[in-house]
Structure formats: structure tokens, C-alpha cells
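Let's take a friendly walk through this model together. Please have the sequence and the 3D view open as you read.

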Amino acid sequence: MDDIIIVNNLSKNFKSRGKSDTLAVKNVSFCLKRGETLGIVGESGSGKSTVAKLITGLLKPSDGEVRIYDNAERLLSQKKALEFYSQIQMVFQNPAESFNPRKTIGYGIGEGLRNRGYSPAATATVVAELLEKVGLEPSIARKYPHQVSVGQCQRAAIARALAVKPKILVCDEATSALDVTVQKQIIELLDELRKSEDLSIIFICHNLALVQSFCDRVLVLYDGEVVEEGEPDRIINNPKAEYTKVLVDSIL
Ligand SMILES: Nc1ncnc2c1ncn2[C@@H]1O[C@H](COP(=O)(O)OP(=O)(O)O)[C@@H](O)[C@H]1O
Ligand SMILES: [Mg+2]
């Protein structure tokens, strides 16, 4: 598997007036391989969401770089890298936030398509296909976010993310608001989509047990730093960093 993203010595310092700075991400390096699921685990405040925003271009790093590579393992130019950001989509913890409460789910899923010049009829066709891909009935398109369950809404949010044919999905605690059964279903869906849609996935989660079955590799973040990296089974059976041992103890 070749690398699609390489992150080198990434740091993010939040400056706030009157208060001391927060070094949220410190010298973080890792790669994302094409077609893999990379887990990022760590407690609340460890810098997971900041890393996600740096990768998706929502935040600018204070230091370090995010390099993006094409199929032929060539580094993309700055201009191409900017274009590529539209192919990195995020899925968040609270799916309702991905939708306007006053618009239908179908309208929300179709937004990216209309922005790309799709006609209303073409948009409706693709929205129906996307709903099918995420295991929802076509009639969901006519419902409003408050009329569907949180699990259905998360599936719809994934459909919305898929609309622009992304290469990378960054799921930031995307299953954390769901009960265990629905959590499992969404993980299975993401795993199927990874294969069928040719995706690479970054799966951010504070639950090490959840990433075990699902991720190829895991990074453990603690206080903005990567303290451990490896295959989930190895990390759980033989954690090396002190903080990882604490994490592992908490799930046993
Ligand atoms: N926009 C911001 N301004 C100032 N500090 C921030 C901002 N975003 C995050 N932080 C701080 O950075 C640290 C890491 O936050 P975050 O990346 O959200 O962690 P996580 O997602 O692991 O819970 C925290 O101390 C948080 O308070
Ligand atoms: Mg977070």
C-alpha cells in the first residue's frame, strides 16, 4: 500500500489573547496509506480534532506540513493539494450538525452536487443512489433531520460526505454519540464503503476497544503528541507507552 498523506512534524499552537498559548499538537508525524483505516485514539483534549482539522485544511499548522500524494506517489503541487482538499470529507460526532434543520435530508445530501452544477433531476438520482449505498430508504430524502433516528442521520451524513466522491474520510468521533448496536452498524458500513468506494479512512475515537476490530493501524495521542503507533492487536496486547497502558487497562 502506498501513502496518500504524509504528515511531517506537525504542530498547532492556539494563541488566545490574555491567556497562555495552547500547544494542541506537538511535532506529530504519521502517514495514511491508500485504502487503509487509521485509528487515532486519545483522551478528550489530546489534540485529535485539531489533527483532523489540520489534515482537512480547516486549520493551518503552526509548524510542519501535510503532504498529499497522487496515485503515482508523486507529491501534489500546492495548487493541486488545495483542489484535493475537496476530496477529504469529514464525518462528525453529531450528525444533525451536518444538516440544516429547516431543510430536508435529501436537500442536504445534494448540496455538494448542486454546487457542482448538477440539475435538480440529476441531483435527485444521485441522492437516491447515495441513500442506497448507506443502507437508507429513498423516502428518507423527504424527511427533516429531527424526523430520523441519530443512526439514520449519521448514515445520511456519510452519504452527504460521499456525494463529492472523496478519497479520504476523516471520521471525528463519528460513532461516539451512538448506542453500541448502532455503533457497530456504522463501523460495518464504513468498512464496506472503504472497499466499494476506494476510500482511506482516519477514524478518530476515544475508545481503543472500538478501533481494535476496525483499524489497520492506530496512533495513540497524549497531550498533543503521538506516544505510540502500531497494529491494534499489538498495542492492546503489548502496549509500550505508559499512557497506552492506562488506556488498555481501562478497556479490560
Ligand atoms: N480553536 C481553539 N482555540 C484555542 N484552543 C483550542 C482550540 N481548539 C482546540 N483547542 C485546545 O487544544 C487542545 C486539543 O483540543 P482537541 O484537538 O479538540 O482535542 P480532542 O479532539 O482530542 O478532544 C485542547 O486543550 C483544546 O482546549
Ligand atoms: Mg475532538
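This is a predicted model: local features need pLDDT of at least 70, side-chain atom pairs count only at pLDDT 80 or more; totals for chains, interfaces and linings use all residues.

Helix H1 itself spans residues 48–55 and is mostly covered, with seven of its eight residues buried. Those buried positions are Lys48, Ser49, Thr50, Val51, Ala52, Leu54 and Ile55.

**Positive phi beyond glycine**

Most residues other than glycine have a negative phi. Two residues here deserve a look with that in mind. Asparagine 9 is not a glycine, yet its phi is positive, near 45°. You will find asparagine 9 in strand S1, which runs over residues 3–14. Asparagine 9 counts as exposed because 12 other C-beta atoms lie within 10 Å. Lysine 165, also not a glycine, has a positive phi of about 50°. Lysine 165 sits in the loop that links H5 to strand S6 (168–172). With 12 C-beta neighbours inside 10 Å, lysine 165 is therefore exposed.

In soluble globular proteins, nonpolar side chains tend to be buried together. In this model the largest nonpolar core has 66 residues, and the members that touch the most others are Val91, Ala159, Val170, Cys171, Ile202, Phe203 and Val211. Helix H5 (residues 150–162) supplies the largest share of this core, seven residues.

What does valine 170 touch, leaving out residues up to four places away in sequence? Its partners are Ala52, Ile55, Thr56, Ile88, Met90 and Ile202.

Two packed helices are described by the angle between their axes and the distance between the axes.

| Pair | Axis angle | Axis distance |
|---|---|---|
| H3 and H4 | about 120° | 9 Å |
| H3 and H5 | roughly 25° | within 7 Å |

Helix H3 covers residues 105–115 and helix H4 covers residues 120–133. Their angle makes H3 oblique to H4. The crossing of this pair is right-handed. On the H3 side, the contact is made by Gly106, Ile109, Gly110, Leu113 and Arg114, while H4 brings Thr123, Val126, Val127 and Leu130. By class, the residues of this contact are five nonpolar, three polar and one charged.

Turning to H5, the axes of H3 and H5 cross at roughly 25°, so H3 is roughly parallel to H5. The crossing of H3 and H5 is also right-handed. In this pairing, Ile105, Gly108 and Ile109 of H3 meet Ala156, Ala159 and Arg160 of H5. The contact of H3 with H5 divides into four nonpolar residues, one polar and one charged. Notice that Ile109 takes part in the contact with H4 and in the contact with H5. Ala159, which meets H3 here, is one of the core members that touch the most others.

**A stop at alanine 81**

Is alanine 81 buried, exposed or partly exposed? Alanine 81 is partly exposed, because 15 other C-beta atoms lie within 10 Å. Alanine 81 belongs to helix H2, residues 78–84. Setting aside neighbours within four places in sequence, alanine 81 is in contact with Ile68 and Leu76. From alanine 81 to serine 250, the separation is 169 residues in sequence and 40 Å in space, C-alpha to C-alpha.

Methods. Residues are numbered from 1 along each chain as its sequence is written. Chains are lettered from A and ligands numbered from 1 in the order in which they are written. A nonpolar core is a set of buried Ala, Val, Leu, Ile, Met, Phe, Trp, Tyr and Cys residues joined through C-beta atoms within 7 Å. A residue is buried if 20 or more other C-beta atoms lie within 10 Å of its own, exposed if 12 or fewer, and partly exposed in between; C-beta atoms are placed from the backbone. Helices (H or I, at least four residues) and strands (E, at least two) are DSSP runs, numbered from the N terminus. Two residues are in contact if their C-beta atoms, placed from the backbone, lie within 7 Å. Axes are lines fitted to C-alpha atoms, for helices over the stretch in contact, and angles run from 0 to 180 degrees between N-to-C directions. Angles under 35 degrees count as roughly parallel, over 145 as roughly antiparallel, 65 to 115 as roughly perpendicular and the rest as oblique. A crossing is left-handed if the near helix is turned anticlockwise from the far one by less than a right angle, and right-handed if clockwise. Ala, Val, Leu, Ile, Met, Phe, Trp, Tyr, Cys and Pro count as nonpolar, Asp, Glu, Lys and Arg as charged, and the others, Gly among them, as polar.
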